[in-house]
Amino acid sequence: MRLRTKIELALLNNLVWVLLAAFFIYNAISTPSFFSSRNMVNILYQSSTLGLMVLGQGIVMMVGELDLSMEAIVAFAPGVTILLANKFGIDPVICILLTLIIGTAVGWFNGVCVAKLQTNSFLLTMATQIVMRGLVLFLVPFSIAKLNDTYTFLGRGKVGGIQMAIIAVGIIYIIFELMFRKTSFGRRFLLTGGNKRASFISGVNTDRVMIYAFMLAGLLSAVAGLVTAGRQNAVSNSMGEGLVMMAFAGAILGGCSFNGGKGMPIGMLGGTLLLGMIDNALNLKGVDVNLVSATKGALIFLAILLDRLRFRLTTEIMHRENLRKLQLADAEEARKSGTNTPES
C-alpha cells in the first residue's frame with residue numbers, strides 16, 4: 001500500500017482529532033478564557049458523563065446495534081438504589097454495587113432480547129427507555145438530595161486536586177482501549193459487527209458478544225448515573241435526558257458506524273472532547289440556550305453525514321488502490337511475457 005493511501009486512510013480514521021485540533025486552536029485565539037487551565041479541567045469534568053455514554057453507545061454500535069435505553073438507566077439505576085437505601089438502610093458501598101448491577105441487568109435484558117429473540121434493537125431499547133423513564137417519574141417524583149458522601153465520591157470527590165470523575169473516565173477509557181486492541185475478547189466485537197455470519201462460522205459466539213455489548217453499555221450508563229448523582233448531590237428523574245442523541249453523535253464522530261465493525265475507544269474519547277469543547281465554547285460566547293440546543297441538533301446531523309462521507313471516501317480510496325495493484329500486476333505479467341517470448 002502506498003504511503004499516500006496510508007496517510008489518507010489514517011486521516012479518515014482519525015478525522016475527529018483533526019477537527020478537535022482545529023476547533024481548539026480557533027477558540028484559543030478567539031476566546032481568551034477558553035485556553036485557561038481552569039476551563040480545560042472544566043471541559044473534562046463536564047464531559048465525564050457524556051464520555052461514559054459515548055463509550056457505551058460506541059460499543060453497541062461496534063456490533064451493529066443501537067441502544068436508546070442508556071439515558072434512562074442514568075436515572076433508573078441510582079433512583080431505585082437510593083429508594084431501597086432509604087427504606088432498608090443499605091450500606092453506601094453496597095448501594096454503589098447495586099447501582100452497577102441494575103444497569104448491567106438492564107443491558108443483559110436488552111442483549112438477550114436482541115440476540116436471542118432477534119428483536120430490532122432500536123425499537124426494543126426505545127420501549128425499555130420509555131418504561132424505565134416512566135418508572136423513575138413515578139418512583140422519584142421529586143429529587144432525593146443530600147446523598148451519602150461515599151455514594152457521591154465518584155461525582156464530587158477529588159484526588160490530588162483533580163475531580164475523581166475525570167480520573168475514573170480516563171482509567172475506563174484506557175482499560176477499554178487496551179481490551180479492544182490487545183485481547184481476542186475485544187476484537188470479537190468488531191468482528192461480529194463487521195460480518196456476523198462470517199464471525200459465527202469462524203467460531204465466534206456472536207450472540208454472546210452482542211449480549212456483552214449491551215451489558216457493558218448498561219454498566220457504563222450506571223457509572224454515568226453515579227457521576228451525575230454525585231455532581232448534583234441528588235437523584236432526579238430527569239438525569240440523562242437528551243444524552244443518548246449526543247452519545248450517538250460522539251460515537252460516530254469518533255469513528256463508529258451505523259453499519260457496525262468500526263470504532264475504537266480513543267476515537268470515541270475524541271468525539272466526546274469535541275462535543276464538550278463546542279458546548280463550552282458556545283456558553284463562553286454567551287450564545288442563547290435555544291441556539292445551543294439547535295447547534296447540538298446540527299452536530300447530530302453532521303455526524304450522520306460524516307459517517308456516510310467517511311464510508312464513501314474509504315471505499316473510493318480502497319477501490320483506487322486495488323485498481324493500481326491490478327494495473328501493476330498486469331504490467332508485471334506483460335513484462336514477464338515479453339521477456340519469456342523466444343526470439344525468431
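Helices (H or I, at least four residues) are DSSP runs, as are strands (E, at least two), and both are numbered from the N terminus. The structure is a predicted model, in which local features need pLDDT of at least 70 and side-chain atom pairs count only at pLDDT 80 or more, while totals for chains, interfaces and linings use all residues. Residues are numbered from 1 along each chain as its sequence is written, and side-chain values use heavy atoms, with hydrogens and water left out.

Side chains of opposite charge can pair when their charged atoms come close. A salt bridge is defined here as a side-chain nitrogen of Lys or Arg within 4 Å of a carboxyl oxygen of Asp or Glu. Five salt bridges are found in a search of the whole structure. Among them is the pair Glu332 and Arg335, whose closest N and O atoms are 2.6 Å apart. Both residues lie in helix H15, three residues apart, about one turn of the helix. Relative accessible area is classed as buried under 20%, exposed over 50% and partly exposed in between (1.4 Å probe, protein chains only). Glu332 is partly exposed at 33%, and Arg335 is partly exposed at 48%.

A further salt bridge joins Glu177 to Arg181, with 2.2 Å between the closest N and O atoms. Glu177 and Arg181 both belong to helix H9 (residues 164-182), where they are four residues apart, about one turn of the helix. Glu177 counts as buried, with a relative accessibility of 14%, whereas Arg181 is partly exposed, with a relative accessible area of 46%.

Asp279 forms a salt bridge with Lys296, the closest N and O atoms lying 3.7 Å apart. This pair links distant parts of the chain, 17 residues apart: Asp279 is in helix H14 (residues 265-284) and Lys296 in helix H15 (residues 289-340). Asp279 counts as partly exposed at 27% relative accessibility, and Lys296 counts as partly exposed at 32%.

Surface patches were also examined. Patches are made of residues with over 30% relative accessible area and no salt bridge; like charges are joined within 9 Å, and nonpolar side chains (Val, Leu, Ile, Met, Phe, Trp, Tyr) within 5 Å. Accessible areas come from the Shrake-Rupley method with a 1.4 Å probe, and for residues only the protein chains shown count as cover. Leu3, Ile7, Leu11 and Val18 make a nonpolar surface patch of about 390 Å². Helix H1 (residues 3-13) contributes the largest share of this patch, three residues. Leu11 is found in helix H1 and is partly exposed, with a relative accessible area of 49%.
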